[in-house]
Amino acid sequence: MSFPAPETNDLNRPYWDGLAAGELRHQHCSNCGNNWLPAREACPRCLATDPVWQPASGRGRIVSWVVYHKAYHNAFADRVPYDVSLVELDEGPRLLTNIVDSDAGRALSIGALVELKIEREGDLTLARFRLVSDEGTA
C-alpha cells in the first residue's frame, strides 16, 4: 500500500517545495514577528494577512511524543513500533514528525535536542528529525 499523501495547495505549497529543495520553511508575520506552522492565510497572533515564508534553522526540541504499536493505516504496518513526535523549532513553530533514531521511542525525552533530517517517502519529501547531543553532534 502506498504512503498516505497530504493535500498540497497554493497555501502550503512553499512548505512542500522547500522540503524538496532541502530546507524546512515556516510562515512569518512581518507585523508582529510571530512564526508558525502549518500554513495559514493570516497570522494566528495578530491576524495580519500578509505572511512570508522563511527558512528554519532545522534545530529544535522534543515537546512530546507517542509510540504506536498498532498500525492504523496499512502503509505503516511494517513500521510498528514507531514514534509520532511534537517538535518545537528554535524559531517557535511546532510540527508533528518522526524522530528517525528514537529506538521506537525509548531514546526520546522531553527537551531533547533534535535537528532536521529530510527524507524521501515515495513521491513525498518529509521533515523528520534526529537526536543530537547537547554539543550539537549526532
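**A walk through the strands, core and cysteines**

Visitor: In which sense do strand 7 and strand 8 pair, and over how many bridges?
Guide: This is a predicted model. Strand 7 covers residues 113-121, and strand 8 covers residues 124-131. Their pairing is antiparallel, over 8 bridges.

Visitor: Which residue of strand 8 is the bridge partner of isoleucine 118?
Guide: The two strands form a hairpin with 2 residues between them. There, glycine 122 takes a positive phi near 65°. Across the pairing, isoleucine 118 has as its bridge partner alanine 127.

Visitor: Is strand 8 largely enclosed or open, and how many of its residues are buried?
Guide: Buried means under 20% relative accessible area. Strand 8 has 8 residues, and the rest of the structure largely encloses it, because the number buried is 7.

Visitor: Which element gives the most to the largest nonpolar core?
Guide: This core has 19 residues. Tyr15, Leu24, Leu89, Ile99 and Phe129 touch the most other members. Helix 1 (13-20), strand 5 (82-89) and strand 8 each give two or more residues. The top giver, with 5 residues, is strand 8.

Visitor: Between which domains does this core lie?
Guide: Nonpolar side chains tend to be buried together in soluble globular proteins. Here both domains give residues to the core, so it lies between domain 1 (8-55) and domain 2 (57-138).

Visitor: Which phenylalanine does isoleucine 99 touch?
Guide: Residues up to four places away in sequence are not counted. The contacts of isoleucine 99 include Ile62, Val87, Leu108 and Val114. Asp83, Ser85 and Arg130 are also among them.

Visitor: Which strands stand at the edges of the open sheet of 3 strands?
Guide: The order is 2-1-3, with antiparallel pairing. Strand 1 (residues 25-28) pairs with strand 2 over 2 bridges. Each edge strand has a single partner, so one side of each lacks a neighbour in the sheet. The edge strands are strand 2 (35-36) and strand 3 (52-55).

Visitor: What angle does helix 1 make with strand 1?
Guide: Helix 1 packs on the sheet and touches strand 1 and strand 3. Its direction and that of strand 1 make an angle of about 145°.

Visitor: How many disulfides does a search of the whole structure find?
Guide: A disulfide needs two cysteine sulfur atoms within 2.5 Å. For cysteine 32, the nearest cysteine sulfur is that of cysteine 43, 3.6 Å away. For cysteine 46, the nearest is that of cysteine 29, 3.6 Å away. The search finds 0.

Technical notes:
Residues are numbered from 1 along each chain as its sequence is written. This is a predicted model: local features need pLDDT of at least 70, side-chain atom pairs count only at pLDDT 80 or more; totals for chains, interfaces and linings use all residues. Side-chain values use heavy atoms; hydrogens and water are left out. Buried means under 20% relative accessible area, exposed over 50%, partly exposed in between (1.4 Å probe, protein chains only). Helices (H or I, at least four residues) and strands (E, at least two) are DSSP runs, numbered from the N terminus. Two strands pair if DSSP finds at least two bridges between them. A nonpolar core is a set of buried Ala, Val, Leu, Ile, Met, Phe, Trp, Tyr and Cys residues joined through side-chain atoms within 4.5 Å. Domain bounds come from an automatic or database domain assignment. Contact means heavy atoms within 4.5 Å. Axes are lines fitted to C-alpha atoms, for helices over the stretch in contact, and angles run from 0 to 180 degrees between N-to-C directions.
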